Amino acid sequence: MNHTEITRSQSSEDLPPLLHKAVEEIITGKYLNALLDILHFQSSNVWTADMLTKVMAYFHAQEVVFTLSSLQMTIKSYLKNLLYQPRQLLSEFQQLDQQQFQTAMKCLFNSRKDHLEMGNIILDWDKTRERILQSPGVNRTLFLVTLDKCFQALSALDCVDILNQVLRVSAVNYLQPDVIGSLPDALQEDAFRNLSTVFKDLYDKTSANTQRALYGWMKQMLQKSYNMSEFSESASWVSAENLWILGRYMVHLSLEEILKISLNEIRLFINYDNATKQLDTVYDITPELAQAFLERINSSGFDMRNTSTIYRQDCFSFSFMAVLGLLVCFYDDMEGMDAAVARALLHQMIKCSQLRGFQAEVQKLKSQLLDIAMQNQTLNDILGSLSDAVVGLTSSQLESLSPEAVHNAIATLNQVSGWAKSQVMILSSKYLSYEKVLSFYNVSQMGALVTGISTQSFYSMNPKELSQIIRGTTSQYLSDLLPAQQQGILRKLAASGDFSSSVKDIQGAFFKEISLSDLWKQTGYNSSIMKEKELRRSQALYLYELLSKKNYAVDLLSTGQLVKGVTCQLIESMGADFFLNNFKFFERNLHLLSPYQVNCLAWKFWTVSNASIPPFLLLVLPTEYLEDVSGPLCVPFIESLGKTEMDLLNPSLHKKNAVLQKVQECLNGSIADEYDVDLLGNLICHLPPAFLHGRMSLKATATALHQFKLCRQLSREQRAEIKYKLLELYGSPSNWTAETMLDVGPFIALLSKGELNILAEKFPDIILQIAKTIGPISSAEDLLSTVFESVSNGTANINSSLARPDCLGTRAPSSDDIIKLAEANVFWSVQELKCMDAGTFDKNVEFLGTISGFNTSQLIALKEKAKQVWGPLPDWKSYHIVSLGHVALALTEHEIEELDLHSVDTISVLSQQREWTLTQARSILQGFLEDSGQTISTLKSFDLVGLGAILCALNSTEIMAIRTAEFSAALARIGLLFCSTPVLRQFKKMTESVFGSATAWNGSILQEIGTIAGGLNEDELKAFDKNLMPYFQPIAVRRIPPEIFQALSPEQIANLGPENAAVVTRSQRERLNASQLQSLQQALDGARTSTLETHKGASTTQAVQTPAPSGE
């Protein structure tokens, strides 16, 4: 034996066997195996100081060149790369021996160590583990390897716990039906129960086909454990306990299996403490299955009509009906039912709105129960005992109620959801007419009915009482008020002299309604009070600069909403360490940042640390910065983009195409499998149709389908490719199952009329359920027409001899039809709408008014029906007008003149319709002024906000008559209007009376005034500092006339920012010269401009600190 061999032998003998094995694995490049062996060795051995010396000596003897630092770097680099190669990780995991696998699982899921130490080699394990569990591909690997190896290596309970942790990240992508075949077919009882609980918790996160497959696995396991000696053809494996184990999966039992359940087992199940909780969650049960369960429950001797108490627990009483959960929604045994039972049923049916579909049937049942409940009683007597069935009462029924009845029933009414605006108006009015005075106490009793209090009533309240409302529990409803109502509250508080304390108490979206000029007047702001408020960008710009004088930047950034106010100058001036340490605040609130701010962040990051720039930021830099993305940088780049919503970054089309080209290169030109889909994340929504067509494997399609459903906007061409992939994956629609239909979901709209007809015939309820989720008719005409034919043919309501002569033999819409059809109601003919029964119209007018697809003739038919049902126009109440919705657009100027338009709340709802003609808008304006006894000069800010788009009908004289203080308070809302250029010019003049000359405006003012900036003239626009250009709102840029837009200098255009550059119209672009067009391209590309803004450009607190005199 020579000297080298002797040394090698001695080194080997010096090392413990497991460590020797690990060292050999390092030499052969099996770093994962080695790392796990070393960790296992450490768990039962003390790592002595000479251990590493012996390891290095062994390397030396083997003539392997490793230093301590190079070994540490090699292992770190290897682990990092492995996290970006989940398929490779899967392969390496599969090759681990049992002991190594156990160690890996323990480290990942049970270890509490922050660092892994091997002598002088230290790994930051906490960060590595977080990275592992956040990577979708690595998570999939952990899931698959746990299924493959865990149940042989660890205890079943530990494996279930690991599966639980992994599945909570993305169950919908990992739990595909084919994978469920890999679930163990034999488990100890406690492990099976725990795993069943995991699957029950994930029910809503899994596809319908997966739910069916999981049910199949659970059924197989339960049947195995069922005592086979008792099993016979007539006996059922569905015991009380098995029903409980199935949980929500009980809805997958067949009708035959339900009817075979022994009555004794049903009785036992119903008496379980948690049976009600379980039955409260069967949201996807069908009427047939629900009635089968009800039949078994009834046959078991359970008296469903017994309204007395079964048992008491603490201070709660439970009636027999309460036990039935959502099954109660399908209870249809009305024969001989008394009023008390009907009321008890209605009380239980408040939960039925949670069902997935069948709402028309539920409404019909509630209507029948309502009739029974009211036998020999007046509506006034029983109003408080009707639960949420009161939502089904027509406006005329609600109008007939006495104020006292509403007052007595308020404790029930305030808990009901689903009210129509007109109903809330009637009930609020009744309640308050009984109370006489509007106080904090009265309002706090109203719950959601608060939204029916008139703007004028809020404005007339005592300011101290209003302040209490803002601080009290009712404040949760304030964000639901119409802008005019919110403005009414704010104007009263602002006039009270104690607005500063109220401003601190106003929370959520309501805070956005406070005007910039009102914010200027207040004091006492600090960073802590900002945490619960939503801010407009103009408010954030002002408040950030103000607060930065007395607060640390990190405290301001941590509030969330204040990041909207961080200027490029501030980002540029941040120290490198501060920026890198606090970048997380920007990343966490990316949805709050403008594309301009993101562009500034990207340039700052590139300057400070281009090697560690988050890859998604490359998207907002010029396209040449993408050129370096290749090889090992590819996966981090795609993953980072996939976790970001690309639309938030607002890239130009040119840049978006360059990014997608780079993504395709990184994927080697194809989406090979589900790992690629995991990696792509949101990016899949933006891939070009040709790439989807030829480059996505069938294996990837099933996983991609769920991701496509989350896409906000797919092009027609992308949708065509998705249809092609669907048919490739699932075959002909004539062979689809109910589960496949549910999984395909809204994409069934892509199918042909013939294919849809087949599905409608096979699965009428499911196609209705899916159609409810589809948007306007333009996106799904064939689907909606199929639904219409399916419903109207099945329930043809042909008018009898009692109908008017022109309606004989005409099919008329019923309430049932209207609820089922939703947007598909657009297919009723004008004649059919004319023949609608008066009661049906009264009950459904508000819903019909929400449908956007009716044509002019249909809207006129519905308007004429309203006149027929409600009588002459002057007799219409505010709630009638409000309930019309889109139908109001059919009113002529002369008809509008006849209406009573005294209430700004009526005007608020009318102004939400954007399609008024100028003459109609003038009629609404004149009607409001005349009926309310006002002139333009007496209008309050809440009147201006309520008028909304109607203000575009004002002439220049009228605009100049608006009081400055009122205009100032409503300014941000007026800045959202798309008025004509002459009107915007007059608004601009009014704005100067608030904020001073346009040449003195700063960034927060430009953000506040919105479209009004489109009224600037050529000289004013040219005078703006280039650093103010990003603060024009995109809606303002579009409103600048082309002949004025061309006056902008190339420097101003280059500084527009990516978002503003992207909205420049074709007609504006056509007026630009070569130099200006080049600047526009720079802005689109996110090219670097001078970020050191002048004081004038950046400051948002300078200039006018208080509004100009009000002119009152």
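Entry 1. I started from a cysteine, Cys 107, which is buried at a relative accessible area of 11%. I keep in mind that the model is predicted. A disulfide here needs sulfur atoms within 2.5 Å.

Entry 2. I then asked how many disulfides the rule gives, and the count is 7. I looked up three of these pairs.

Entry 3. Cys 150 is bonded to Cys 159, with 2.0 Å between the sulfur atoms. The torsion about the S-S bond is -95 degrees, a left-handed link. Cys 150 is buried at 0% relative accessibility, and Cys 159 is buried with a relative accessible area of 0%.

Entry 4. Cys 329 and Cys 352 form a disulfide with sulfur atoms 2.0 Å apart. I noted a left-handed link, at -95 degrees. Cys 329 sits in the loop between β4 and α19, and Cys 352 in the loop between α19 and α20, 23 residues apart. Both cysteines, Cys 329 and Cys 352, are buried.

Entry 5. Cys 568 is joined to Cys 600, S to S 1.5 Å. The torsion is about 50 degrees, so this disulfide is right-handed. The pair links helix α34 to helix α36 across 32 residues. Cys 568 is buried at 3%, and Cys 600 is buried at 9%.

Entry 6. I turned to the surface. A patch of negative charge gathers Glu 897, Glu 898, Asp 900, Glu 930 and Asp 931. Helices α53 and α55 each give two or more residues to the patch. Glu 930, in helix α55, is exposed at 59% relative accessible area.

Definitions and conventions:
Residues are numbered from 1 along each chain as its sequence is written. This is a predicted model: local features need pLDDT of at least 70, side-chain atom pairs count only at pLDDT 80 or more; totals for chains, interfaces and linings use all residues. Side-chain values use heavy atoms; hydrogens and water are left out. Patches are made of residues with over 30% relative accessible area and no salt bridge: like charges are joined within 9 Å, nonpolar side chains (Val, Leu, Ile, Met, Phe, Trp, Tyr) within 5 Å. Accessible areas come from the Shrake-Rupley method with a 1.4 Å probe; for residues, only the protein chains shown count as cover. A salt bridge is a side-chain nitrogen of Lys or Arg within 4 Å of a carboxyl oxygen of Asp or Glu. Lys and Arg count as positive and Asp and Glu as negative; His and the chain ends are not counted. The place of a charge is taken as NZ of Lys, CZ of Arg, CG of Asp or CD of Glu. Helices (H or I, at least four residues) and strands (E, at least two) are DSSP runs, numbered from the N terminus. Buried means under 20% relative accessible area, exposed over 50%, partly exposed in between (1.4 Å probe, protein chains only).
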